[in-house]
Amino acid sequence: MATRIDVSGLTAYYGKFKAVSDIHFSIEPKSVTAFIGPSGCGKSTVLRTLNRMHEVLPAARVEGRVLLDGEDLYGPGVDPVNVRRAVGMVFQRPNPFPTMSIYDNVVAGLRLNGVRKKSLLDERVEESLRGANLWEEVKDRLGRPGAGLSGGQQQRLCIARAIAVEPQVLLMDEPCSALDPISTLAIEDLISKLKSSYTIVIVTHNMQQAARVSDTTAFFTLDRTGDPGRLVEMDRTEKIFSNPTEKRTEEYITGRFG
Amino acid sequence: MSSEPDGPRKGSSRNDTTVAAAKSASSSDGARVKPADALFKNLTRSAGLGLLALIAAIAAFLVLEATDALSANTGNFLTTTEWFPNGSPPVFGVAALLFGTLLTAVIAMVIAVPVAVGIALFITVYAPRRLATPLAFVVDLLAAVPSVIFGLWGLIVLVPRMEGVQKFLTDYFGWIPLFATDNGVVGRSIFVASVVLAIMILPIVAALSREVFLQVPTAHREAALALGATRWEMIRTAVLPYGRPGVISASMLGLGRAMGETIAVALVLPASFDISWQVLSPAGNTIAANVANGFAEANDVGRGALIASGLVLFVVTMIVNMIARAIIARRREFSGAAA
Ligand SMILES: Nc1ncnc2c1ncn2[C@@H]1O[C@H](COP(=O)(O)OP(=O)(O)OP(=O)(O)O)[C@@H](O)[C@H]1O
Ligand SMILES: [Mg+2]
């Protein structure tokens, strides 16, 4: 199920603006990779190229290759819809469908895949909500609107929605930035648990979080505003936080970034 | 001279009611009310009350006129289909008119709303930006054009060409009672009137629906796409459910216009007073068209009768709006208003 990712020569544009340039890296199956770096360096952009969500924006385009278990996501004839079914995504702000109940939110992806059987849906709802550590809190009100939950619960609902379709990879863009410390811990626990089944990539501004949850850390930066972002280095998380190779990385993680 | 020290003196010279209102307001909510606030509050309150009084006066006048006519009526106003308010004795009823009003409006909605929603979706979701911007501009522009212009266009250009469409419908779908005709005779029918009405309300419904779909947060659209939704599936999971209340409201506005439209319908329909479901046959009339047709020659009873029919239209419009509100309110907690 879990999948390795190999990115090479990845360059992403917003219209004429080159947001990130010539990125190369590899991600091991069933690992957690953290993207860190200053604001605007292109972490979200790179993340969104991994499930072809980048090109959803008008005039946005991508060059280079992203291999998922050896298969190029940007190869000819690859349908982005299928890519997104295989690579799930959790956004910075919790975004459950406001018009749907908790239950319907969780099965939204399954219904898109044509699953109609009630017993199967019921089963997957419980499974996914348990997987997202939310089942106990919502099992008595599955018919209530998803938007009526707390922010942290909504974010776990979004995680449940993403894992309900059993993707191979789970992308998370600052999933805790809108949450309180308790909810953040709940999500971090969840990430450690999900690691056993999914390849996870998480963008975070929180160094402690990156250190706590990730196996590998990638540090991105940009040299000057207007320049494209680039990957400075990527290594085992302990190494990045204790003894990084690049001076820029050390400056950033020790807070001396200028 | 600065205006600051002037404030209190001006305040004290204002009339007593304002000051009293300010006092009572400040005592009721325990906060100090500034003179300007009190003045504004009184202005808005008197404007509001004045408007209510005006409406009440108009309603009273209309009801009075209508009652006179209704008491002279020898038929049952609600069930009679004929309309001879100027005869002696006068006999008239709103049944056929109301039937025609509702039927034309409903058919017009059935035609216009899906097309309008389609246009709005095309502009907001499908069209590339280079095309979407001018298209949106054109639709907004069309929505601002008085609907009678479209009505005239429909009458002059469309109605003469409707013969073939109607013949086709009755030839091939005549087995559906709605499309049946007497010996294949089609003409200036409820259907033609409905098409003209549909054209008239299309731009406003499309323009409002576009606004509604624009409000759908990018976060919800991306949530659907990230789950592997195609564009159409994204519309079904995120855009349409979120826009539903807005589209209902837009449609109700269109329905109100369709039911109230006078001249275009009056010019199309032969003004016959019968209740028939054969929408392709040359027959039918509506309340609004009947007012336009009959007001000039009406005597006192005739005028009262028309006013009574207008009041019926008013009540029906209100009921329709209340139903729409109820539909929207039924799923309010799922509306996304909380998100
Ligand atoms: N929709 C967009 N249109 C145009 N430019 C964009 C868009 N989104 C991002 N950019 C630009 O691309 C660059 C990288 O943005 P990105 O959002 O990937 O940064 P980030 O590292 O995720 O920042 P943050 O930590 O603040 O989320 C920035 O210069 C940004 O201004
Ligand atoms: Mg970002």
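Guide: Let's take H3 of chain A, whose buried residues are covered by, among others, helices H2 (80-86), H4 (118-131), H5 (135-138) and H6 (151-164) of chain A, along with H9 (218-226) and H10 (231-260) of chain B. Helices here are DSSP runs (H or I, at least four residues), strands likewise (E, at least two), both numbered from the N terminus, and contact means heavy atoms within 4.5 Å. Bear in mind that this is a predicted model, in which local features need pLDDT of at least 70 and side-chain atom pairs pLDDT 80 or more, while totals for chains, interfaces and linings use all residues. Residues count from 1 along each chain as written, chains are lettered from A and ligands numbered from 1 in the order written, and side-chain values use heavy atoms, with hydrogens and water left out.

H3(A) itself spans residues 102-112, and nine of its 11 residues are buried (under 20% relative accessible area; exposed is over 50%, partly exposed in between, with a 1.4 Å probe and protein chains only). Those are A:Ile102, A:Tyr103, A:Asn105, A:Val106, A:Val107, A:Ala108, A:Gly109, A:Leu110 and A:Leu112. Just past the helix, A:Gly114 has a positive phi of about 90 degrees.

Now follow the cover into chain B. Helix H9 of chain B holds B:His220, which counts as buried because its relative accessibility is 7%. Leaving out residues up to four places away in sequence, B:His220 touches A:Asn95, A:Pro96, A:Phe97 and A:Pro98 on one chain, and B:Ala238 and B:Tyr242 on the other.

Still in chain B, look at how H5 (129-144) packs on H8 (190-214): the angle is about 130 degrees and the axes are 8 Å apart. Axes are lines fitted to C-alpha atoms, for helices over the stretch in contact, with angles from 0 to 180 degrees between N-to-C directions. The pair is therefore oblique, since under 35 degrees is roughly parallel, over 145 roughly antiparallel, 65 to 115 roughly perpendicular and the rest oblique. H5(B) brings B:Ala136, B:Val139, B:Asp140, B:Leu142 and B:Ala143 to the contact, and H8(B) brings B:Pro203, B:Ile204, B:Ala206, B:Ala207, B:Arg210 and B:Glu211. By type, that's eight nonpolar, three charged and no polar residues (Ala, Val, Leu, Ile, Met, Phe, Trp, Tyr, Cys and Pro are nonpolar, Asp, Glu, Lys and Arg charged, the others, Gly among them, polar).

As for cores, the largest nonpolar one has 124 residues, and A:Ile5 and A:Phe35 touch the most other members. A nonpolar core is a set of buried Ala, Val, Leu, Ile, Met, Phe, Trp, Tyr and Cys residues joined through side-chain atoms within 4.5 Å. H8(B) supplies the largest share of this core, 16 residues. Apart from it lies another core of 44 residues, including A:Trp135 and A:Ala164.

One last stop, back in chain B: B:Ser88 and B:Pro89 are joined by a cis peptide bond, omega about 0 degrees, and B:Pro89 sits in the loop between strands E1 (83-84) and E2 (91-92) of chain B.
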